[in-house]
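Let us take a walk through this structure together. Please have a look at it first, and then we will start with a single residue.

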Amino acid sequence: MTQLASAAALKSVMANYFSALGQAARDRSAPVAWCTSVGPAELLRALGFQVFFPENHAAMLGASRRANHVMPRAHALGYSQDICSYLTSDIGAFRAGETPLATYGLTEVPKADVLVFNTNQCRDVRDWFEWYGRRWGVPVVGVRSPRYVDEVREADVDGVTVQLEALVAPLEQVAGRRLDPTALSEAVRLSRRLSDLWGACLDTATHRPAPLTFFDGTVHMGPAVVLRGAPEACDYYEVLLEELESRAGARHAAIPGEAFRVFWDGMPIWGRLRALGSLFEEFHTAVVASTYCNSWVFAALDPAEPFRSMARASLELFIVRSEEPKERYLERMARFYQVDGLIFHDCRTCPNNSNTRYGMPQRLGDRLGLPTLVLDGDVNDLRCFSDEQARTNVEGFVELLADRGATARGSR
Amino acid sequence: MSYFAGVDVGSWNTKAAVIDEQARVLGTAVVRSGADLAAAARSALDLAVGAADLSSSRIAATWSTGFGRGSVPFAGGSRTELDCHARGVAHYVPGPSTVVDLGGQDAKVIRIGPDGRRLAHRMNRKCAAGTGSFLEEIALRLDTPIGQLDELAQTATEALELGSFCTVFAGTEMLSLIRAGKRPGDLAQAAYRSLIKRVIEMDVLQGTVVATGGVFGHHPTMVRLLEQQLGRAVVVPPHPQEMGAFGAALAARDGAASVEVVAGPGSDGDDAAL
């Protein structure tokens, strides 16, 4: 993966974030809220919560390849192998008394005073939070979102806005303070600024050669996930953006000798991130963009209309949408990043973020005239992933791209 | 006259083919892959060269393919088995076509365009259902050597169905049918039919359907069942089991560029490289 100088700043931002969380949980200096990755983080920040994102924690379990060791403990409680392996990794790790946060000096996950979900991504996040809610006897509140949204209608935005507003009273009770509307506007403003900066970082991959890849993005997106509404995240992405723009200007390639550009749809395969990154690099193929990293770009956020814009942002999100807007989005992305092909990860335990099961790769491939590849795997459960098959699949796909390139050159 | 060779190191068997400049197959060989893939590759190549009545020094270039393609030290280049099966089939069958390749470890469906170029591929999931391993399991259940399974299936009189997707569940379903007094020949054919169903759901089989791989090569009843399922003829090219090796020999002859490999950053920790 690309060695970016900003990595040191990233490490520092993340360390400070986890350190503050750990301290709040230890000395009760601030209330702790758990929040789903695209839940109402701005509202929680405005109320003074330290905010923990269990999906980020589960991804760390996957990346450190501890997930498969701990998942059986969740399966034993009746949480199936077929449901979200983030959920089973995280609950399994809790039962095993394990956490990768030890790297940041935390001996355990910070205990929640409240857990706040948004089911815009899936039902699993609510089931996940309710397990902890029952265990700790703390409230679990959230937004029951419309899903499979075609065009985002005002009625849908109204419905989510009302639900977000209804969270204020129970959250004020846990936080022990009233919501300051100015603080909420400021959190939304910072979140929007963060989103714009992160989006600009990802957009630098439109350059040829691309200065960063999807694999770099999955690492550098940390603050965009966990520090929405916090000023330090904006500071970090200003540093990262400057570096990426400078690399793009100097034609500094993330993948030396970039020959092919592909798009990644679906979840990362955390336990094989580095190996897959190296594999694509072997074949001079830059995975320049992804639906995953772009999911933390919230263009709708507006400090003048905090609740309504948060509602709209949560509904415009790729994962919440029906096939047609998803396909339109992927078409735009394929053209914007000028890719030679698209890779779809069929994530075994994440049907909501697998776009392979209703014919989309075939339809998009035909419409765009681009080759598509479906890779079977999973976000955390490596029992669902075969190294050998992945290698042959990827290498065969790159051979195909190379042959197409040779044909195109020959016909010129 | 120059000669070229291809070696296909598969999960069960390693195949080799020797061709001349006109792509005529002069010799082939199949050996067990075993644990020493380089030795299996060498052995298969030596046997194929011998069958071609040539000496090794006459081979201008040898390319490798198959899951063990990286374990052939004497190969001048390599291509995936996806490429080599497509390349080999395109030599015999004009496109558009769809190759159905059934091997011991995986199943592949490869689409080829009218110009003979590969368009897309699909491989089975990480699961033995739909692969040769499934037939090995079924042969064990029926207490029949795998080499005699086809003969047994040809005696079928009743069209039984196995409903399960899973090799283990299909095995237990088989036990239920045995207890119900069903005939072994009918059960063998039911296993074939189950495998065919798994394959045809992998992709749309467009154009001429071509069957390759050792499973089709050794189980002709499966070809007949696939034809019945599709309602049209299925082409079995010469040397279906050695088709990957033949494709690799064609790649060697044509000097098809390997997907170039550069020194990547490699693994710096416990995340094994793929």
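Asp53(B) counts as exposed because it has 10 C-beta neighbours inside 10 Å. The scale behind that word places C-beta atoms from the backbone and calls a residue buried if 20 or more other C-beta atoms lie within 10 Å of its own, exposed if 12 or fewer, and partly exposed in between. What you see is a predicted model, in which local features need pLDDT of at least 70, side-chain atom pairs count only at pLDDT 80 or more, and totals for chains, interfaces and linings use all residues. Residues are numbered from 1 along each chain as its sequence is written, while chains are lettered from A and ligands numbered from 1 in the order in which they are written.

Asp53(B) is not a glycine, yet its phi is positive, about 60 degrees. You will find Asp53(B) in the loop between α1 (37–51) and β4 (59–65) of chain B; helices (H or I, at least four residues) and strands (E, at least two) are DSSP runs, numbered from the N terminus. Arg28(A) also has a positive phi of about 60 degrees without being a glycine, and its loop runs between α1 (7–27) and β1 of chain A. Arg28(A) is exposed because it has 11 C-beta neighbours inside 10 Å.

Now for a residue with another setting: Ser37(A), in the loop between β1 (32–35) and α2 (41–46) of chain A. Is Ser37(A) buried or exposed? Ser37(A) is buried, because 21 C-beta neighbours lie inside 10 Å. Leaving out residues up to four places away in sequence, Ser37(A) touches Phe53(A), Glu55(A) and Val225(A), where contact means C-beta atoms, placed from the backbone, within 7 Å.

Next, turn to strand β8 (residues 372–377) of chain A, where six of six residues are buried. In a regular strand the side chains alternate between the two faces of the sheet. Here Thr372(A), Val374(A) and Asp376(A) point one way, and Leu373(A), Leu375(A) and Gly377(A) the other. Strand β7 (residues 341–347) of chain A runs parallel to β8(A), joined by six bridges; strands pair if DSSP finds at least two bridges between them. From β7(A) the chain passes through helix α16 (residues 360–368) to β8(A) in a right-handed β-α-β crossover, meaning that, with the strands pointing away from the viewer, the path from the first strand over the helix to the second runs clockwise.

Conventions
Two residues are in contact if their C-beta atoms, placed from the backbone, lie within 7 Å.
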